[in-house]
Amino acid sequence: MRESQIYRKMWKQRIRLVIILACVSIVILWLFGQQQVSVDFKRNISQTVPERTSVPSMDKKLANLSNIPPASQSNSPHISSTELPFISPEEFQSIEKALKWPAPPTCVTAINQTTSPYTTSYVLQNPHKNYSVGDIITVTITARDGSKIPKIYGGDFFQAKLFNAELKSSVFGKMVDHHNGTYTATFKLLWEGQAKVSIRLIHSSEAVQVLLRHREQDPDKVFFTGVFRGVDHQERVVCNAQRSERLLKASQCCCEYRHPITGELWFCRRPSRLPCSAWVEHSMGGYQAQLSKLDSSLLHSNYTNKYLPGNITVNVSHHDLNSSTSVKCVPGLDMPSPVGFYLNDKWTSLMCHAQSFHTASEIARCMKDKQVLMMGDSTLRQWYDYLVKTVPTLKQLNLFTSAKSGPFEAVDIGNNIRLVWRAHGLPIRTSLTPRADLHYIVSELDALAGGQHSVVVFTIWAHFTTFPLTTYLKRLAGIRRAVRALLQRAPQTLVLIKSANTGYKDIYGSDWLSWQLDRALRMMFRELPVVIIDVWQMTSCHYSPENIHPSNKVVQNEVDLFLSFVCPR
């Protein structure tokens with residue numbers, strides 16, 4: 001009996017000792033965790049990239065390669081920490097502030113209360129009798145509504161250019177909104193002879209608010225379809241980039257697909273008889289924007305993309321101003337305004353020494369020993385098509401892929417050239433395409449070794465105009481992280497970004513929507529040693545009819561500028 005009591009007492013002491021040790025361990029872990037949180041917070045603050053008003057130098061851009069920001073921990077009501085990884089709350093707020101658009105003080109109830117292209121006018125400030133190449137002229141625009149009443153607030157979206165039709169010369173004009181119903185357009189005189197002012201009202205301030213509201217509140221105005229296939233059965237269901245109200249109306253929602261690197265999501269309605277893993281093909285579904293009668297009127301062609309009445313022409317005399325530059329086309333250059341101009345249908349860069357590649361052999365010599373990876377939409381596919389058609393030695397392989405979404409590949413054995421184009425992944429409005437062929441840009445970049453023989457060029461904007469801004473920023477943040485990592489492991493890799501171009505004019509893809517995305521992209525990549533090919537100015541001031549797919553002449557000038565960075569001199 002006594003031995004039993006001693007045994008029980010011994011076990012009670014052991015149990016008490018275990019409990020004490022467990023409590024001590026919990027306290028130690030808690031204290032360590034608090035210290036780690038403090039260290040992480042300090043690290044996050046030290047890695048935040050400050051807002052800059054000027055383009056960083058090349059040395060600073062190279063230093064930024066090791067400055068990878070942590071995932072966002074923002075408490076903003078617009079986003080959550082899981083929505084925007086690889087971007088800090090401060091950067092997001094800076095972009096949001098830069099893109100904030102002035103809203104009308106009151107809501108209009110009739111179309112004649114909005115800015116009218118028929119009553120809005122413009123005048124030349126301080127006109128002179130003589131002008132010389134290199135001079136600057138400024139035009140003042142006064143916005144008026146349909147009743148000819150001057151507007152007292154800003155927010156209208158104009159585009160301006162200076163041109164000479166006979167010389168096939170033109171230059172982009174910089175617009176400034178004074179937020180009081182007046183605007184100024186500034187032009188640099190860059191050729192000898194006549195130069196005529198052209199101003200277009202793309203969208204009134206009231207129409208811009210329609211675009212903004214539908215971008216943020218109606219992300220599934222464009223929808224997609226997914227094909228699910230089993231052994232003897234297939235189903236077609238609705239898919240989209242967000243778990244939207246229309247998607248949730250389905251009785252079975254949803255199959256969720258998360259990108260393994262960025263965490264971006266894609267949703268499809270759950271098939272009735274097949275598992276989520278049976279998703280094999282993707283395609284465009286349709287358009288379903290729901291506009292009110294007034295919204296439709298504000299975006300109607302009678303009030304959209306209209307030239308303002310006016311006739312301002314200046315005569316420009318010769319001046320010993322050399323508009324060309326001898327600076328090599330390399331990453332890290334500042335972008336002047338304007339960035340270039342057309343003269344005799346040839347784009348002259350004011351940023352660097354752009355070359356003209358007149359023959360197929362010149363292009364082949366430039367691309368010799370290069371592996372060029374192009375990723376994006378159909379506006380970048382135009383570059384691929386141009387090169388394949390222009391250089392006979394570039395032979396396209398038959399990969400038996402989608403005629404729209406690719407991927408496509410061409411090789412030149414003699415010059416050791418490999419050229420690849422592929423779509424940028426979901427979302428993309430395209431014909432039926434195998435899901436396996438739709439690689440995200442991030443995935444391609446992470447799998448690329450890079451080096452002095454690697455050229456990467458991408459564009460991404462046209463298929464994101466229907467989604468909220470945060471959806472686009474999340475994609476850009478992931479791509480930026482991948483570009484930074486690529487340039488860290490292979491600094492000699494050349495990375496170029498084709499900017500957005502003009503052409504869209506409706507609720508699904510207005511120039512204003514494209515311009516917003518383009519500005520966000522420039523802000524997010526300005527710290528890195530990459531090249532931005534500014535095709536926005538090249539398309540907005542050219543004489544050819546506007547189209548989301550620019551004319552062959554514009555594409556030729558775009559590709560020449562691209563090649564000038566591939567083989568600079």
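Reader: To which cysteine does a disulfide join Cys329?

Author: A disulfide is a covalent bond between the sulfur atoms of two cysteines. Here Cys329 is joined to Cys352, S to S 2.0 Å, the cut-off being a sulfur pair within 2.5 Å. The torsion about this S-S bond is about 90°, so the link is right-handed. This is a predicted model, where local features need pLDDT of at least 70 and side-chain atom pairs pLDDT 80 or more, while totals for chains, interfaces and linings use all residues. Residues are numbered from 1 along each chain as its sequence is written, and side-chain values use heavy atoms, without hydrogens and water.

Reader: Are Cys329 and Cys352 buried or exposed?

Author: Cys329 is at 0% relative accessibility and therefore buried; Cys352, at 1%, is buried too. Buried means under 20% relative accessible area, exposed over 50%, partly exposed in between (1.4 Å probe, protein chains only).

Reader: How many disulfides does a search of the whole structure find?

Author: The search finds five. In sequence order of the bonded cysteines, the pairing is 1-5, 2-3, 4-6, 7-8, 9-10. One of the links is Cys366 to Cys567, with sulfur atoms 2.1 Å apart. With -105° about the S-S bond, the Cys366–Cys567 link is left-handed. Cys366 and Cys567 lie 201 residues apart in the chain, and both are buried. Another disulfide joins Cys255 to Cys276, S to S 2.0 Å. The Cys255–Cys276 link is left-handed, with -80° about the S-S bond. Its two cysteines are 21 residues apart, and both are buried.

Reader: Which cysteine is at 75% relative accessibility?

Author: That is Cys107, which therefore counts as exposed. Cys541, by contrast, is at 1% and so counts as buried.

How values were computed
Helices (H or I, at least four residues) and strands (E, at least two) are DSSP runs, numbered from the N terminus.
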